Amino acid sequence: MWRNGATAGTVGRTMAIAPPRGKTLEELRFANSFAALGDGFREHRTPTGIPGARLVAFSPEAAALIGLRPGEERRPEFTALVAGDALLPGMDPVAGIYGGHQFGVWAGQLGDGRAILLGEVHGADGPWELQIKGGGITAFSRFADGRAVVRSTIREFLASEAMHHLGVPTTRALAMSAGDEPVLRERVERAATMIRMAPTFVRFGSFEIFHYRKQHAEVRTLADYVIDGFYPECGAGEERYARFFGAVVERTAALMAQWQAVGFAHGVMNTDNFSILGLTLDYGPYGFVEAYESGLICNHSDESGRYAFDRQPTIGLWNCYALGEALSSLLSTDEIGTALARYQDVYRSTFLALLRTKLGVAGVRDDDADTALELFRMLEARRIDWTNFWRALSNSADGARALLGEDEASRAWFERYAALLAGDPRNEDERRTAMRAVNPKYVLRNWVAQEAIAASESGDDSVVQALLDVVRAPFDEHPEHEAWAQPAPPQYRGLSVSCSS
Ligand code: AMP
Ligand code: MG
């Protein structure tokens, strides 16, 4: 104990001989609290590794969350873990059961068909579950192969970390591997795995499965598990369930506002893909809006446009209704209604607050929402890149004007905007610096992800790593990767993303 009576000098000496920061793989202590819920909730399942795996990418920030010592990722044991070929002491791997509403229809039982929960590590900020995705079939795989391919794994890996660094709540990605095993999708691809992390992977659908089977005791057990572990502020007693549902509704509404502000389209907002913690979960055919299109449909299997970009806030609410139904054995109709009634307000106030920071407007003004709406209309009519416009607006009035146009309508909008800025106590430099900290230079554009995928598919993982380094610092300039901030070049236009992954 150097703290008591230590001088700066003794502290310095103590630090010089301090042991390396963090734990080795073998020193990580695993708990398995979800597995301990019992048989109705999961099956025990050991991952099936992919042969010949190499480590493709690694997130140092995610590793720090579980206190992993820097450098551990270079050990072959780490690659074996990520590839599903080895477990660490104390892990009790399980696949969880859940159900879900898919495209608005109750789909019945689903479950971790290709995800296996390995265990949880208590880091400095709380517990993190480690889940391997692509580690082979489970009891819930139905007719599928339990595998994931390089393409979809790179997409999930990069998007999880990109969203985190953009400030949007999300599951995290620790690392990914790729192997030689052929996997049949629309074409033959190669197997890949990743380890992703979240405090819990419980979904809306985890409650729905028990509700629709009339297993109300399991609904309660799961609710208690989630509240005790992740919503302790909901307290004890029967009222905890109403508080819990209210908190989930609020987090979901806030998450939808964040998606809209950053221009993220999820693509498959089924209730089995909705996190009980309000995290962005299950990155499949997602897309970041490029040329602004309010009705963007990024999932080419979504024929009706149910999950179009501008419908996300409504679908978020729809999913909360579905969760309310699933919790109806614990809640009165009034309690469900009261919680759902908050959604709209939370969504609107969060979205407006985000827009104000994007616009650089300090106070709250009556006409700021209208000014923003007018801007959206112009961006859409002129097919202007969402991310680039906001970044240009942060950098200079001239650059933003050049993007929006030099005509009368554009001039009128900039006049309105100037009126919004009047009264801002900050000087222009301060305002622009604040705007650049919320308007990213880089989002993960589908075409850029595609470049990283193509390189990795031919054995060169350096592009994934370079792209990770850019999305880890999306508000900074990366002059050597200026191209990645640009809209899709002609050969990539109309790139569509399939659900199959
Ligand atoms: P998703 O559309 O990825 O959210 O998947 C929906 C359901 O299908 C989930 O229960 C998944 O676990 C399962 N699933 C998707 N792909 C596979 C696969 N290749 N093997 C086994 N199960 C899968
Ligand atoms: Mg899913």
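**Reading ligand and helix contacts**

Q: How far is a nitrogen atom of ligand 1 from an N or O atom in the side chain of R185?
A: A polar contact is a pair of N or O atoms within 3.5 Å. In this structure, the distance between a nitrogen atom of ligand 1 and an N or O atom in the side chain of R185 is 3.4 Å. The model is predicted, with pLDDT of at least 70 needed for local features and 80 or more for side-chain atom pairs. Residues are numbered from 1 along each chain, and ligands from 1 in the order in which they are written.

Q: Which residues come nearest to ligand 1?
A: A residue is near a molecule if one of its heavy atoms lies within 4 Å of it. Ligand 1 has 17 residues around it, and G111, G113, D145, G146 and N273 come nearest. A backbone N or O atom of G113 is 2.8 Å from an oxygen atom of the ligand. D145 has a polar side-chain atom 3.0 Å from a nitrogen atom of ligand 1.

Q: At what angle do helix α5 and helix α8 pack?
A: Helices are DSSP runs (H or I, at least four residues); angles between axes run from 0 to 180 degrees. Helix α5 (residues 204–212) packs against helix α8 (residues 312–326) at about 40°, and their axes are 8 Å apart.

Q: Which residues of α5 and α8 meet?
A: Contact means heavy atoms within 4.5 Å. F204, F207, E208, H211 and Y212 of α5 meet N319, C320, A322, L323, E325 and A326 of α8.

Q: How do α11 and α14 cross?
A: The axes of α11 (residues 386–395) and α14 (residues 428–436) come within 8 Å and cross at roughly 160°, so α11 is roughly antiparallel to α14. R391, L393, S394 and N395 of α11 make the contact with R432, M435 and R436 of α14.

Notes
Heavy atoms only, no water. Helix = DSSP H or I, 4+ residues; strand = E, 2+ residues; numbered from the N terminus. Parallel < 35°, antiparallel > 145°, perpendicular 65-115°, else oblique. Polar contact = N/O pair within 3.5 Å; in protein donor to acceptor, adjacent residues only side chain to side chain.
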